[in-house]
Amino acid sequence: MEKDIIRELIKQALAARKNSYAPYSRFRVGAALLDDRGRVFTGVNVENASYPAGLCAERGAVAKAISEGAAGFRAIAIVGGPDHEGDALSSYCPPCGICRQALSEHCGKEMQVILARTPDDYSIYQLCELLPLSFSL
Ligand code: THU
């Protein structure tokens, strides 16, 4: 995947992260999902006072994309960290188990999962590395 596209996805994930609604954990996450037509769908974590009702950024992006008729997802960039860090993220934010399963429902095994701190500091995995032996019906 071209470096410019990777950088653009990370920038969009970082920008979206500012809209995260995380008053309970104060941990803000942003995601940017790229489809096969070059469209980008962002998502943020949206928490709830009833904690299990909260939604992760990745699944927010997937829901947005699917509802717009998108398919053939090529990559997702994910950024996250404590609110107090601002944009100076100290570490990568790997997707939780439920989000890995949700991605596997809609994305191919080779989809690129980009974990990033900045547009120049990232690490790329294939979805099948993060969720080996995935479950499907
Ligand atoms: N979170 C995500 O948005 N994505 C993940 O993959 C990991 C966790 C959110 C959920 C919750 O709002 C906050 O991060 C702390 O767990």
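In this predicted model, an oxygen atom of the ligand is 2.7 Å from an N or O atom in the side chain of E58, a polar contact being a pair of N or O atoms within 3.5 Å. A polar side-chain atom of N45 lies 2.9 Å from a ligand oxygen, and a backbone N or O atom of C96 is also placed 2.9 Å from an oxygen atom of the ligand. Taken alone, the ligand exposes 370 Å², of which the protein buries 76%; these areas come from the Shrake-Rupley method with a 1.4 Å probe.

Residues are numbered from 1 along each chain as its sequence is written. Because the model is predicted, local features need pLDDT of at least 70 and side-chain atom pairs count only at pLDDT 80 or more, while totals for chains, interfaces and linings use all residues, and side-chain values use heavy atoms, with hydrogens and water left out.

The shell around the ligand, taken as residues with a heavy atom within 4 Å of it, consists of S25, F27, V29, N45, E47, C56, A57, E58, P94, P95 and C96. Strand 1 (27–34) and helix 2 (57–67) each supply at least two residues of that shell, where helices are DSSP runs of H or I with at least four residues and strands are runs of E with at least two. By class, the shell holds seven nonpolar, two polar and two charged residues.

The ligand sits in the largest pocket, in the sense that more than half of its atoms lie within 2 Å of the pocket's grid points. A pocket here is an open set of points on a 1 Å grid over the protein atoms alone, where a 1.4 Å probe fits, with protein on both sides within 12 Å along at least five of seven lines, and its lining residues have an atom within 4 Å of a point. The volume of the largest pocket is about 320 Å³, and among its 18 lining residues N45, E47, G54, L55 and C56 are the closest to its centre. Helix 2 gives the most to this lining, with three residues.

Definitions and conventions. Polar contact = N/O pair within 3.5 Å; in protein donor to acceptor, adjacent residues only side chain to side chain. Nonpolar A, V, L, I, M, F, W, Y, C, P; charged D, E, K, R; others polar. Points joined across faces, edges and corners; volume = space filled by probe spheres on them.
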